[in-house]
Protein chains: 8
Amino acid sequence: MTPPTASRVGSDARGPERPPDSTTATLAVIVMGSPADRDHAGAIADALRGFHIDVVQRVGSAHRTPEHVLAILRDHDADPRPKVFITVAGRSNALSGFTDPQVAAPVIACPPPGPEIDAWSSLRMPPGVGPAVILEPVNAALFAAKVLGAHDPQVARAVAAFQAAQRDRVTTADDTLQVAQGTRDEGSP
Amino acid sequence: MTPPTASRVGSDARGPERPPDSTTATLAVIVMGSPADRDHAGAIADALRGFHIDVVQRVGSAHRTPEHVLAILRDHDADPRPKVFITVAGRSNALSGFTDPQVAAPVIACPPPGPEIDAWSSLRMPPGVGPAVILEPVNAALFAAKVLGAHDPQVARAVAAFQAAQRDRVTTADDTLQVAQGTRDEGSP
Amino acid sequence: MTPPTASRVGSDARGPERPPDSTTATLAVIVMGSPADRDHAGAIADALRGFHIDVVQRVGSAHRTPEHVLAILRDHDADPRPKVFITVAGRSNALSGFTDPQVAAPVIACPPPGPEIDAWSSLRMPPGVGPAVILEPVNAALFAAKVLGAHDPQVARAVAAFQAAQRDRVTTADDTLQVAQGTRDEGSP
Amino acid sequence: MTPPTASRVGSDARGPERPPDSTTATLAVIVMGSPADRDHAGAIADALRGFHIDVVQRVGSAHRTPEHVLAILRDHDADPRPKVFITVAGRSNALSGFTDPQVAAPVIACPPPGPEIDAWSSLRMPPGVGPAVILEPVNAALFAAKVLGAHDPQVARAVAAFQAAQRDRVTTADDTLQVAQGTRDEGSP
Amino acid sequence: MTPPTASRVGSDARGPERPPDSTTATLAVIVMGSPADRDHAGAIADALRGFHIDVVQRVGSAHRTPEHVLAILRDHDADPRPKVFITVAGRSNALSGFTDPQVAAPVIACPPPGPEIDAWSSLRMPPGVGPAVILEPVNAALFAAKVLGAHDPQVARAVAAFQAAQRDRVTTADDTLQVAQGTRDEGSP
Amino acid sequence: MTPPTASRVGSDARGPERPPDSTTATLAVIVMGSPADRDHAGAIADALRGFHIDVVQRVGSAHRTPEHVLAILRDHDADPRPKVFITVAGRSNALSGFTDPQVAAPVIACPPPGPEIDAWSSLRMPPGVGPAVILEPVNAALFAAKVLGAHDPQVARAVAAFQAAQRDRVTTADDTLQVAQGTRDEGSP
Amino acid sequence: MTPPTASRVGSDARGPERPPDSTTATLAVIVMGSPADRDHAGAIADALRGFHIDVVQRVGSAHRTPEHVLAILRDHDADPRPKVFITVAGRSNALSGFTDPQVAAPVIACPPPGPEIDAWSSLRMPPGVGPAVILEPVNAALFAAKVLGAHDPQVARAVAAFQAAQRDRVTTADDTLQVAQGTRDEGSP
Amino acid sequence: MTPPTASRVGSDARGPERPPDSTTATLAVIVMGSPADRDHAGAIADALRGFHIDVVQRVGSAHRTPEHVLAILRDHDADPRPKVFITVAGRSNALSGFTDPQVAAPVIACPPPGPEIDAWSSLRMPPGVGPAVILEPVNAALFAAKVLGAHDPQVARAVAAFQAAQRDRVTTADDTLQVAQGTRDEGSP
């Protein structure tokens with residue numbers, strides 16, 4: 001990775017930016033339980049695209065429209081590309097546990113922000129129902145990129161660049177602080 | 001109701017006993033999410049039968065077998081009798097919120113005992129998904145009997161007798177204690 | 001159900017609107033513990049009326065005016081129509097458990113929003129005291145409508161229409177999103 | 001107080017013992033919500049008697065038998081002696097908030113041991129409903145004795161002796177430990 | 001009590017107002033742990049004065065100035081009037097448990113509002129250390145007034161008037177609502 | 001998958017058994033923070049092998065031996081097979097967040113059972129540090145198998161068989177219950 | 001310490017001010033996990049300097065840059081002055097437990113403000129990993145000053161002056177309040 | 001440190017053993033709030049002695065015997081040796097916050113095991129009251145040893161040996177596991 005990488009990741013909370021002309025070999029299907037979750041789902045989608053992953057977003061409720069969700073899952077299971085599902089459902093999260101046993105691909109539950117007690121409905125799964133839980137949108141995208149990076153070197157490189165940029169942010173901040181407090185000369189290693 | 005009623009309700013935690021030859025005009029469908037929940041479901045079923053309500057118990061997982069659960073719900077929705085559904089699912093309770101929008105009858109969520117945090121997955125429902133939550137098996141059966149008692153006088157009488165017996169338990173205990181501590185003569189009103 | 005149904009339910013959080021000239025065959029009695037709970041009680045009442053249920057709202061405190069509450073309960077228990085009680089009390093909810101053993105009709109506890117710990121005073125009922133707990137006003141009304149819909153086809157039809165509208169909201173949002181992201185042509189099924 | 005006092009309080013969790021021939025000028029009325037609470041109520045009663053306070057125990061449920069509780073409260077409110085009420089109710093504590101506005105005397109809520117969440121139903125009272133909460137039986141009795149000690153010097157002396165004995169327990173334990181570890185000679189002050 | 005009483009208690013959260021020329025026979029000593037608690041202490045003091053109780057407010061920290069607190073307690077313990085101590089300390093509440101064993105009078109802990117976890121440092125007292133916990137300032141004052149009302153009829157009358165006014169608030173609100181929704185004629189009983 | 005599959009998964013909590021002569025094309029590296037976690041790690045390892053995944057278990061503490069953990073991670077990152085890391089650390093889980101930024105492969109945090117508060121140290125990760133959290137050992141293995149099944153058809157088939165067996169367990173239990181309660185004839189579909 | 005000291009501590013939340021020309025014999029190394037924690041770290045640093053302790057602030061992440069943190073720790077461990085480390089990391093606090101076993105000096109964890117659950121990741125350390133937890137910045141600095149005051153009389157004097165000023169704040173507030181409410185004459189002791 | 005060191009620390013939960021003839025230059029004063037805390041205090045004392053620190057244990061209650069605690073603190077503050085105080089008090093921890101402002105030495109709060117909510121009474125200290133909280137006895141002793149190791153090389157060496165032994169436990173367990181699973185030859189580095 002070249003130096004520009006670090007500057008591409010300007011904020012702690014976003015993934016790397018995605019060149020506009022990328023083509024992608026892998027797929028992330030985001031299923032949100034309600035149109036009210038669209039901002040949280042959108043943040044995940046933006047970060048996924050930064051890792052060069054194709055994204056499809058769908059709306060389906062395990063409570064209200066389970067057969068519609070099953071149709072969504074079947075549609076995208078048929079896509080031959082390596083893929084992950086990312087489920088976005090707040091309050092009592094039925095969608096993630098509903099999705100996991102219906103598909104072959106891994107399911108990442110990334111519930112929207114809410115009271116702390118909500119997280120338990122994502123975590124307390126019975127044996128045999130195994131979605132993985134991640135709270136931050138960018139982290140859900142990063143995890144998906146690690147899974148899919150084993151199938152697409154472009155994704156793997158974006159992960160490596162993102163991880164390097166994260167490290168650079170910390171060490172650069174340390175350098176800046178050292179100079180500011182006079183414990184290190186500017187420009188010294 | 002005759003005096004024997006009070007003695008029929010020997011324990012605080014069970015509903016009234018059911019005469020063996022009763023015929024019932026109403027139905028409660030218990031859907032449990034796993035065969036592991038059978039004892040809790042059985043306690044609800046026993047209490048329901050004590051209120052002269054017919055009971056069917058089914059096993060179906062909203063996580064693993066949603067289409068099977070939909071078939072169960074359609075089967076029993078076709079039964080012309082007035083009815084309630086009682087859903088029994090621990091950990092993250094997807095079953096109750098999954099069942100409610102699929103049926104015309106009211107859905108009572110009665111999750112099996114577990115850590116306190118589990119209750120929130122039964123309570124935190126989005127607007128339009130409205131199962132009611134009750135923690136004690138006998139209370140879930142009592143609530144069902146109140147709903148169905150408006151359709152069957154036999155059930156309504158069992159509810160009234162049960163409520164009277166509950167009151168008698170308290171006042172009898174008070175009388176006994178008064179006699180024991182000498183603040184009331186035995187036999188005085 | 002006709003197409004206008006979906007448009008009648010404009011918001012996720014309200015029940016269906018009620019035609020102004022409806023006559024109702026069923027009753028919901030809302031008892032609030034304090035005049036401070038009037039907005040929450042009003043939201044429940046509005047949703048109930050949308051389901052063609054007659055509503056009476058009363059103020060009575062199980063803490064301060066228990067005999068007044070008993071008089072309220074006796075008044076409305078004498079109404080021959082099928083009915084439910086909906087109790088609205090925040091902080092330590094004594095009203096719901098106080099009401100349930102005094103009436104033949106089912107009691108739905110719908111406490112006003114507050115800290116999460118308050119919910120436990122609605123849930124932790126001893127055996128024989130069985131109010132059902134629902135947190136969202138529209139869900140409490142929906143549950144009441146399911147109970148009363150078994151007595152009045154007009155209510156049952158409103159429930160079915162509301163459930164259908166809820167499903168339509170989800171699938172319509174999915175369609176809109178599909179068109180927006182180019183994964184489906186506008187107008188395709 | 002004479003040295004025997006310290007030995008009279010053998011355990012940290014019990015109040016002082018009560019001489020068998022005491023006559024008392026003050027009254028504590030314990031109302032328990034269920035006969036299941038009798039052990040916890042009994043522990044409070046024993047400690048109260050140790051402070052030379054007359055004790056009446058009653059059983060009455062604010063949920064199931066509110067009119068019976070009102071009769072209990074009226075009965076004992078008529079007793080001319082200075083008094084306190086101590087309410088013992090687990091799970092959702094309606095009894096304490098129900099009792100307080102009905103009586104002139106102070107009400108002490110001493111709920112039986114249970115999950116931590118239960119305490120909140122005793123604490124979260126609306127303005128104008130003011131029972132005081134104490135978790136330990138001996139502490140509820142001690143508090144009652146402080147209130148009633150202002151009316152009966154015998155009670156006040158028992159409180160003072162109990163407090164002195166509590167202090168002695170600590171300093172004696174420190175002395176014993178000092179001798180054991182050799183940082184103080186046996187018998188030195 | 002005369003009709004003006006009800007109107008004197010205009011708000012749910014304040015105690016009754018106090019005539020300016022009252023003389024008082026009883027005393028409440030408020031000890032706050034920090035000058036930062038003065039508003040909460042002031043709310044308690046205002047309500048106490050409304051019940052015709054003399055109030056002294058002091059600042060003393062069990063953490064920082066224990067000997068100063070002991071001097072405060074000794075000062076006011078010498079006052080011959082019947083009295084209560086009210087301790088006001090947030091975060092980790094050492095002051096209430098520190099005060100109780102040092103004085104003969106009852107100690108009411110009324111911690112200022114804060115995170116829910118703070119309440120446990122007021123509640124979890126070892127045997128022999130028995131402050132009573134009340135969260136609302138007006139309720140702490142009401143409880144104090146019940147304790148001191150046994151010594152001063154003027155205080156007892158203010159308690160009775162306050163309780164009556166609280167009841168009137170509820171039934172008046174019910175009447176108003178009945179008239180507004182047409183279920184009762186204006187002026188009917 | 002052949003019919004014997006269902007019977008191979010006898011318990012809800014274990015993954016499918018693994019034929020003794022399997023060769024595997026994928027790798028799961030389990031890093032446990034302390035030898036005290038070996039039983040939990042062993043349960044994950046057994047389930048992974050049942051899915052035909054090669055397993056290496058290592059012990060390394062992010063607290064005590066961070067350089068040793070870094071060496072472990074570098075060792076296994078060099079293995080060319082597709083892989084996942086599974087981190088097992090209780091109490092404050094530093095290991096999972098420590099591991100994730102150091103490796104290209106996805107990291108699954110599967111903390112051993114403990115108080116509920118411990119889970120938050122696995123979940124509350126800063127942006128850019130993205131381990132996924134799964135609580136049940138068999139679910140962590142199932143998730144790993146979904147990720148690695150995209151690289152090895154043998155693993156994918158084991159996942160499909162396991163999911164089918166999980167569904168069969170539910171429907172078989174429902175059939176058995178139907179027969180037992182007489183709502184279905186034995187042998188009917 | 002001279003009287004001006006008390007006035008130097010104007011606010012409850014800051015340590016004493018530091019004369020600009022002080023030289024220091026002791027060192028506190030603050031390691032923050034992210035540049036986002038700089039305000040919290042800065043508050044600790046300001047308080048430390050007020051106690052005449054030299055401060056170095058560094059940025060290093062146990063998650064992202066463990067080797068950089070190890071280098072930071074080695075750098076400052078070589079400083080011959082008596083010292084403490086203060087670790088500042090929010091969410092899941094890996095930094096504090098990572099730092100403690102790598103250094104000979106004591107480690108004080110002072111996590112930035114956040115949800116209450118975060119504190120547990122600082123507290124729940126395995127045996128042999130022993131950072132101490134303090135929540136308030138000024139208290140972390142005070143604790144450090146007590147440790148380092150045993151090596152530098154200037155620091156010890158600043159601690160004593162700060163403690164005296166804290167006591168003065170309380171007793172002065174009490175005096176002011178006494179005068180204001182007329183229970184003490186202005187100027188009386 | 002010589003190889004025997006590792007074997008001396010046989011258990012994760014104990015500090016190093018102490019040679020019987022050691023003389024110590026530093027002091028730890030353990031103050032426990034009740035004789036009921038003696039086992040927890042004893043575990044801390046044993047670990048401290050293993051680090052060659054002299055230990056005095058005292059019993060004193062900030063609630064019941066504050067003046068006795070002040071006398072204890074003054075006694076030991078006069079000891080010229082470098083020292084720490086370790087406070088042991090369960091439930092509502094007043095002792096730690098009471099001790100800290102009275103002494104020049106650092107105060108370590110090590111509350112005995114109890115419900116999780118108790119920890120908050122140790123953590124939630126106001127500004128200017130700064131005990132540090134550590135939950136494990138051996139960790140409290142280790143922290144004390146780091147503080148006192150700056151004054152006594154024998155203590156510093158014991159800390160270094162203990163830390164090395166802790167590291168050895170982890171890497172030895174890893175070696176053993178590697179050999180057992182055949183991923184490393186016995187005896188290879």
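Student: How many residues of chain C are in contact with chain E?
Tutor: In this predicted model, 12 residues of chain C are in contact with 10 residues of chain E, contact being counted when the C-beta atoms, placed from the backbone, lie within 7 Å. Local features need pLDDT of at least 70 and side-chain atom pairs count only at pLDDT 80 or more, while totals for chains, interfaces and linings use all residues. Residues are numbered from 1 along each chain as its sequence is written, and chains are lettered from A and ligands numbered from 1 in the order in which they are written.
Student: Which element gives the largest share of the side of chain C that touches chain E?
Tutor: Strand 2 (residues 54-59) of chain C does, with 4 residues; strands are DSSP runs (E, at least two residues) and helices likewise (H or I, at least four), numbered from the N terminus.
Student: What rotation superposes chain C on chain E?
Tutor: A rotation of 90° with 0.1 Å of shift along its axis, giving an RMSD of 0.1 Å, by least squares on the C-alpha atoms of residues with pLDDT of at least 70 in both copies. The two copies are therefore related as by a four-fold rotation axis.
Student: Turning to chain A, at what angle do helix 6 and helix 7 pack?
Tutor: Helix 6 (residues 137-149) of chain A and helix 7 (residues 153-181) of chain A pack at about 135°, their axes 8 Å apart. Axes are lines fitted to C-alpha atoms over the stretch in contact, and angles run from 0 to 180 degrees between N-to-C directions.
Student: Which residues of helix 7 of chain A meet helix 6 of chain A?
Tutor: Among them are A:Val155, A:Val159 and A:Phe162, and the residues they meet in helix 6 of chain A include A:Leu142 and A:Leu148.

Methods
Contact = placed C-beta atoms within 7 Å.
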